[in-house]
Amino acid sequence: MGTTTRRMTVAQAVVEYLSQQYTVDTINGVEYRERLIPGTFGIFGHGNVAGVGQALKQYQQLDPAIMPYYQGRNEQAQVHQAVGYARHTRRRQTYAISTSIGPGSSNLLTGAALATTNRLPVLLLPSDTFATRAADPVLQQLEQPHAYDITVNDAFRPLSKFFDRVNRPEQMFSAFHHGLRVLTDPAETGAVTISLPQDVQAEAFDVPEEFLAEREWRIRRPDADDDDIARAVAAIRAAKRPLIIAGGGVLYAYANDELAKFAELTGIPVGNTQAGVGVLPWDHKQSLGAIGSTGTTAANAIAAEADLIIGIGTRYEDFTTASRTAFQNPDVRFVNINVAPIDAYKHGTTLPIVTDARKALVKLNTALGGYRIGADLEQQVASEKQRWDATVDEAFAQDYAPLVSQNAIIGATNKAMDARDVVICAAGSLPGDLHKMWRVRDPFGYHVEYAYSCMGYEIPGGLGVKRAAIAEAKSTTAAGEPGAEVRDVVVMVGDGSYLMMHAELVTAVAERIKLIVVLIQNHGYASIGSLSESLGSQRFGTQYRELNEEQHSFDAGETLPVDLALNAESLGVKVIRIEPGEKVIAELEQAVRDAKAAPEGTGPILIHVESDPLLDAPSSESWWDVPVSQVSELDSTKQAFQTYADHKSRQRKLLG
């Protein structure tokens, strides 16, 4: 008896196949089943218009629910939307992105790097040049005389967790099977790139029905080895000053409640990475907040003396470890709990535990009965936490006129938002300030893309989160439970990042998606300006000014006559302008409340406010390793190098 087949093009088979893929995940005894790919983004050109484009149009006419199509204005931004969606759905869902060849494909590269560094799934389907080479070379083809089989899409290889090229229709079976295996693997996930030559997309062949049938991908959540847990328990019981560093892996494992139980049972304080904000509410007794270069003084003070670091779901980025200066206890050891071996073995630890964070915490909570940190450490945690909270209160209360500090803008926005709302950011000075000061109250309430810290991510990433929030509310209702209100998503972005990729506001306008954007105008790059000054480079090239032709300098000219609020209005966005003056903070807070009060389906709302880029956030009393020129004619650089050398002397290998 032969296998039943259907005559289809490769592109049609790909689209129908993706519509039948589901993730299955079990959290605390509850099973979740969701579509892995709920929709496809695409910008069409000669590489995919007759392939994936035709397939999407065909299925749209047959049944729009099979594979909903979403428009975008930039291929990179489409990846950012998919990443934001994947983050909010805790890596159970993402989008596919189809592009043409040439610049359409290469526009995906930054998004691919961002997805992979953040360990977030996205399925990239860039078109490629003719597999048959019937027309050779074609428009936008890359020709390398030393290797004629290289195309633009080979640039995806180092940026993807999985890469394949389908040069024959039959190859799609293994390509997509292995690609989706990686996409749904919590230890391996990131950008999955399957290159589709334009002629192969339109080629017809007999597709087995079993390839097009529903398939479930169960999220792997490996248990902790009992021997590893026993060794970790012994290390914790022997520790006098332990500290937990909680990363995004805690959130992806839905381990918040077990982490809270662990901290409350043992008294061990918790510092969190950028990806880990939300693991505990900001005012939890054991929560020290952010740790590292953009951390709180509370977390960094405890980290400096810690004799045991319990890393849970963190990849130990240099901001987290303050470039390996955060932990100064000569006897410090590391217990690393992570589903990814590459992270579990970092810093040369002898106590790696390769496991799901929640499952490890469940076992630790059972095994650590009777253990609690000393009263002296508990008292220090309370004192340091109180000191930092007072520091933030003071920063939020800054009241300058006519220009206010970014600190006060953050405080007003935070105050106006509800606990379930989500703040979005990615690059510039805002991520560090938010990491330190944002008072999160919900595990889903904070999404700052900081593994790649990509300027321009904010608006499309926020749009992806908003899509997920809308789907989240609908799915709750579909399950027969009371429908939850759609979370408001508030993007905080500086003028530098806004100018990088603001065009996705048009996407929000087209779909009437209510995305709230707080645009902070400071006429330049505040973050790098401050860094440049600290490194002795005098804020070179970081201000938006008219060219001084005599010195060929942009550092001291007139402020550019650019009206970003008017720019947003021209895109169809509703804009609320906050004029400089004594009432800026009160008006900003009210503007956020008014934007939140607008009904869903009314489109994006942008709030424009100016700030003083020279008013810094409170110091983390920490460091970040950015090398300073060892030889210079500038006195400012010479002085900066002396400071750098002093910090560098405290850097450690942290083997233990």
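Start at helix 10, which passes helix 13 in a left-handed crossing (the near helix is turned anticlockwise from the far one by less than a right angle). Helices are DSSP runs (H or I, at least four residues), numbered from the N terminus.

This is a predicted model: local features need pLDDT of at least 70, side-chain atom pairs count only at pLDDT 80 or more, and totals for chains, interfaces and linings use all residues. Residues are numbered from 1 along each chain as its sequence is written, and side-chain values use heavy atoms, with hydrogens and water left out.

Select residues 256–266 (helix 10) and 357–367 (helix 13). Their axes come within 9 Å and cross at roughly 30 degrees (lines fitted to C-alpha atoms over the stretch in contact; angles run from 0 to 180 degrees between N-to-C directions). That makes helix 10 roughly parallel to helix 13 (under 35 degrees). Show the contact (heavy atoms within 4.5 Å). Helix 10 gives Asp257, Glu258, Leu259, Lys261, Phe262 and Leu265; helix 13 gives Arg358, Leu361, Val362, Leu364 and Asn365.

Of its 94 residues, Leu259, Met492 and Val518 touch the most other members. A second, separate core of 35 residues includes Ala55, Leu125, Phe162 and Phe176.

Finish on helix 2, residues 52–62. Val52, Gly53, Ala55, Leu56 and Tyr59 are buried there (under 20% relative accessible area, 1.4 Å probe, protein chains only; exposed is over 50%). They cover an arc of only 165 degrees around the axis, so they lie on the same side of helix 2 (arc of the directions from the helix axis to the C-beta atoms). Turn to the face away from that buried side: Gln61 and Leu62 are exposed.

Technical notes:
A nonpolar core is a set of buried Ala, Val, Leu, Ile, Met, Phe, Trp, Tyr and Cys residues joined through side-chain atoms within 4.5 Å. Helices (H or I, at least four residues) and strands (E, at least two) are DSSP runs, numbered from the N terminus. Angles under 35 degrees count as roughly parallel, over 145 as roughly antiparallel, 65 to 115 as roughly perpendicular and the rest as oblique.
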